[in-house]
Amino acid sequence: MRVVPHPATASAPAPYAAAETAFAEAKAYLSSREALQMSESDLARELHRSSREALQMSESDLERELHRRGQELMQKLLPGHLDQRSPGEAAGPVAGTDGIERRERRVHERDVETTFGTVQVERLGYARAGHDSLHPLDASLNLPVERYSLEVRRQVAEAAASRSFDEARLDLSRHTGAEVPKRQAEQLAVRAAEDFDAFYDARRAAAGEPASEKSVVVLTFDGKGVVLHREDLRAATRRAAERRRRQREQLFPFPRLQPGEKKHAKRMATVAAVYAVAPFVRSPEEFLQSLMPRQPGDKTQAKKARTSAVRPRPVAKRVWASLEREPAEVTAEAMLEAERHDPERVKRWVVLVDGAETQLDLVEAGAAVYGVEVTVVLDIIHVVEYVWKAAHVFHREGSPELACWAWTRVRDILEGKASRVAASMRRAATVAGLSSDTRKPVDTCADYLLKYAPYLHYDRYLAAGYPIATGVIEGACRHLVRDRMELTGARWRLVGAEAVLKLRALRASGDFDAYWDFHEAREYERNHAQRYADGIAPPVTEPPPSPSSSRLRRVK
């Protein structure tokens, strides 16, 4: 900290002197007679290494060298611009939220880690005894509280959303001048995701999607486990894990995992997706053909291609997952998101589920609370899996009869005959005299069909153009959760896992850029605006036209 210096003298170096010198040197070299007489390969070798020891250079080597030189130029331009704006003298009185004006002026220094390296900023602090100093230049630049710039935070967030923190750090140091340790990278990811809920709340409050009776609003849910540290598990899961651990210890000196038991317990993430889609009317036979695997020379292949070509794609799709929130909270949020698609309640709402009873109860309760009529559809893929398990009771694996038996019953279910299929397969098992153990898959399938019969009216759903398969949510579970959270050996803390899931959801929903604009605006409000009287940070004076002394320098 030091007292404000006297105005700069005319002989002081200009803010962009270093950048201009570097550019002039590169330009002068490329324009020199020696360079003009060189061949492209000779020039490339010279750019790569000034000495003649460099031999061959490929085009990719040239690109890397030019990129390095460009980075060096940017590393001089950014400090030059910031230097020009220092020390950031306020254009008017500086008063805090307490209404007290700060009149004592001192220059304070701080380091900022940018994508071009670490820079040291000197800016005016307006102070008064017993009160915090205020820095108008920090507000003008929207500098965060911590060392790392918002652009560094953004790049860490995008990288951490797609790969491990170690790989994210490596890529950041390889392609930028920023150095971020692993712990700080995790903290930056958490900070980056903190406005996730506020962003979607604001978007819902702004305006709904245009109402259209032709489109269908689809809500779908699923769950996926994530390995967490024991202290971050839900209470019931933590108690169960502790009980299993004690049981293993009783096997001393040969403690081991029981068959099917996992070493680490998981906390379930609730995954949700909401989107709109145009109705797609199909017959049961057409849908069955889309399910059946294609065979070489199959005459239906061209028909399948034509059918898939006109299949409408989901629009305005949003997918997300949460470990912190309970399934009921995620379901309620999905109802609000669906309402954004249909504020006038003129569209048809379809809820695709996999048969989890808890989820069915939550959907029905949510529909009652929001006063909307929903059509609940059981995922046909889950039904097909049960039918195939039953088919193996009657026919051996790989036989033509196996596929014929299974697809015939799937077709009947698609035609709305689920109860009849359940009765017929049970009767066939009885006639065949199968034991209770042998026929168990048949009885399980029949029980499943009868239990969920109210949600198996596929003939009506297909005629109305409703989707009947949960491909969107299955893909969301794989992309949002499994591909990132199940990296080998990964065990998460709850706060970090939740942040990464939010960042992945923003990218998967195509909302990351809009979210980041919102996040930076919120950071300005939190870190700067709310510290000043009336929530307005005073502007700083424009830089003088004459060269000013260097108040900001690149550290490394």
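Let me start with a pair of helices, where H20 passes H21 in a right-handed crossing. Before I go further, please keep in mind that what we are looking at is a predicted model, and that everything I describe is computed from it.

To place that pair for you, helix H20 covers residues 471-485, and it packs with H21 at an angle of about 130°, the two axes being 10 Å apart. The range for roughly perpendicular runs from 65 to 115 degrees and roughly antiparallel begins over 145, so H20 and H21 are classed as oblique to each other.

Helix H21, which spans residues 494-508, also packs with helix H8, residues 182-192, and here the angle is about 55° and the axes are 8 Å apart. Since roughly parallel would need an angle under 35 degrees and roughly perpendicular would begin at 65, H8 and H21 are likewise oblique to each other. As for the hand of this second crossing, H8 passes H21 in a left-handed one, whereas the crossing of H20 with H21 is right-handed.

Now to the aromatic side chains. How many aromatic pairs does a search of the whole structure find? The search gives 13 of them. Ring pairs also link a set of residues into a cluster, and its members are Phe196, Phe199, Tyr200, Phe512, Tyr515, Trp516 and Phe518.

The charged end of Arg318 sits over the ring of Trp320, at 3.9 Å from the ring centre. In the other case, the charged end of Lys389 lies over the ring of Tyr386, and there the separation from the centre is 5.9 Å.

I expect that some of you will want to know about the cysteines. A disulfide is a covalent bond between the sulfur atoms of two cysteines. What is the count of disulfides here? By the distance rule that was applied, it comes to 0. Turning to individual cysteines, Cys445 has a relative accessibility of 0% and so counts as buried, and Cys477, with a relative accessible area of 7%, is buried because the cut-off is under 20%.

Most residues other than glycine have a negative phi, and most peptide bonds are trans. Against that background, the bond joining Ser86 and Pro87 is a cis peptide bond, with omega at about 0°. Pro87 itself is placed in the loop that runs between helix H4 (59-85) and strand S2 (104-114).

Ala316, although not a glycine, has a positive phi of about 50°. Ala316 belongs to strand S7, residues 315-322, and its relative accessibility of 35% makes it partly exposed. Arg345 is another residue that is not a glycine and yet has a positive phi, in this case about 55°. Arg345 lies in the loop between helix H13 (327-341) and strand S8 (348-353), and at 32% relative accessibility it counts as partly exposed.

That loop between H13 and S8 also holds Lys347. Is Lys347 buried or exposed? Lys347 is buried, its relative accessible area being 10%. The C-alpha of Lys347 is separated by 7.1 Å from that of Lys214, although the two are 133 residues apart along the chain.

Ser215 lies in the loop between helix H9 (196-206) and strand S5 (216-227), and with 13% relative accessibility it counts as buried. Its C-alpha is 9.7 Å from the C-alpha of His341, across 126 residues of sequence.

I will finish with two more pairs that are separated in sequence. Arg411 and Gln289 are 122 residues apart in sequence, and their C-alpha atoms are 9.7 Å apart in space.

Terms used. Residues numbered from 1 in each chain as written. Predicted model: local features only at pLDDT ≥ 70, side-chain atom pairs only at ≥ 80, totals over all residues. Heavy atoms only, no water. Phe/Tyr/Trp six-rings, centres within 6.5 Å; stacked < 30°, edge-to-face > 60°. Lys NZ or Arg CZ within 6 Å of the ring centre and 35° of its normal. Disulfide = S-S within 2.5 Å. Buried < 20%, exposed > 50% of the residue type's maximum accessible area, 1.4 Å probe, protein only. Axes fitted to C-alpha atoms, helices over the stretch in contact; angles between N-to-C directions. Helix = DSSP H or I, 4+ residues; strand = E, 2+ residues; numbered from the N terminus. Left-handed = near helix turned anticlockwise from the far one by under 90°.
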